[in-house]
Amino acid sequence: FPSHDSAISAQNSIAKTNQNQVMVIGNKNNLQELLIKMEKQIAMALPKHVASERFIRAILTAASTSPNILKCSQISVLGAAMTSAQLGLIPNGPTGEAWLIPYKNTRKGTYDCNFQIGYKGIIQLVRRVGNVANIISNVVYNDDKFKYSLASGIEIHERNDKRVSFPDNDITHVYAIISYKDGGNDFAVHQ
């Protein structure tokens, strides 16, 4: 993965533009200008398999679908974007790898943009390690048959096929199983 130097350099250049005032994005043209200005640093942060043009397009699309991003400070948008770039995850895309999420900072009365990795982004990063063969995850509901032990893992999970709705308050467990290329397995269960 690229070093954090490119992200720090990009953030410092924005911070130096006006150290006494929070510079908000304002509109999509301003965001596009900022991203074009920072494209070299973004490209340095991105892994080779992600084109900077595609990444910038994804951020502009994120601002269209989540307009409060335009109310965020430049430094927070750039920081969230650079984190996503360094991980090689496309934000706010159809794959659900990562998200740029605007939050109202009630203490300051401003908006901040935060990076949030999606579960598919976590799977993507784990698969890049190279020794993972497969990852599965599932949700267990209160009328499913489910049994596991720490020694042997998931022993049984049978879904009640008469169930027609899946409300969150009926969830009893979630689990994930990772299979490695060498034949080993790991699992996690959360209640």
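Visitor: How much space lies in the largest pocket, and what makes a set of grid points a pocket and not a cavity?

Guide: In this predicted model, the space in the largest pocket comes to about 280 Å³, a volume being the space filled by probe spheres set on points joined across faces, edges and corners. On a 1 Å grid over the protein atoms alone, a cavity is a set of points where a 1.4 Å probe fits but cannot get out, whereas a pocket is an open set with protein on both sides within 12 Å along at least five of seven lines. Residues are numbered from 1 along each chain as its sequence is written, and side-chain values use heavy atoms, with hydrogens and water left out. Local features need pLDDT of at least 70 and side-chain atom pairs pLDDT 80 or more, while totals for chains, interfaces and linings use all residues.

Visitor: Which residues line the largest pocket, and which elements give two or more of them?

Guide: A lining residue has an atom within 4 Å of a point, and the lining consists of Tyr 119, Ile 122, Ile 123, Val 126, Ile 135, Ser 137, Ala 176, Ile 177, Ile 178, Asp 186, Phe 187 and Ala 188. Two or more residues each come from helix 6 (119–128), strand 3, strand 6 and strand 7, and helix 6 supplies the largest share, 4 residues. By class, 10 lining residues are nonpolar, 1 is polar and 1 is charged.

Visitor: Why is Ile 135 called buried?

Guide: Buried means under 20% relative accessible area, exposed over 50%, and partly exposed in between (1.4 Å probe, protein chains only); Ile 135 has 14% relative accessibility and therefore counts as buried. Ile 135 is in strand 3 and, apart from neighbours within four places in sequence, is in contact (heavy atoms within 4.5 Å) with Ile 123, Val 126, Arg 127, Ile 177 and Ile 178. Its C-alpha atom and that of Phe 187, 52 residues apart along the chain, are separated by 9.5 Å.

Visitor: How many bridges join strand 3 and strand 6, and why does that count as pairing?

Guide: Strands are DSSP runs of E of at least two residues, helices runs of H or I of at least four, numbered from the N terminus. Strand 3 (residues 132–141) and strand 6 (residues 171–180) share 9 bridges in the antiparallel sense, and they pair because at least two bridges are required. Here Val 140 stands opposite His 173. Strand 6 also pairs with strand 7 (residues 185–190), in the antiparallel sense over 6 bridges, where Ile 177 stands opposite Phe 187. In the hairpin of strand 6 and strand 7, with 4 residues between the strands, Gly 183 takes a positive phi near 100°.

Visitor: What makes the phi of Asn 92 worth a remark, and is Asn 92 buried or exposed?

Guide: Most residues other than glycine have a negative phi. Asn 92, in the loop between helix 5 (74–87) and strand 1 (98–105), has a positive phi near 55°. Its relative accessible area is 17%, so Asn 92 is buried. By contrast, Asn 27, in the loop between helix 1 (5–15) and helix 2 (28–37), has 34% relative accessibility and so counts as partly exposed.

Visitor: What is the mean pLDDT of the chain, and where is the pLDDT below 50?

Guide: The mean pLDDT (the predictor's confidence in each residue, from 0 to 100) is 86, with 88% of residues reaching 70 or more. Over residues 13–20 the pLDDT is below 50, and this stretch has 10 contacts in the model beyond near neighbours in sequence. Where pLDDT is low, the predicted coordinates should not be read in detail.

How values were computed: Nonpolar A, V, L, I, M, F, W, Y, C, P; charged D, E, K, R; others polar.
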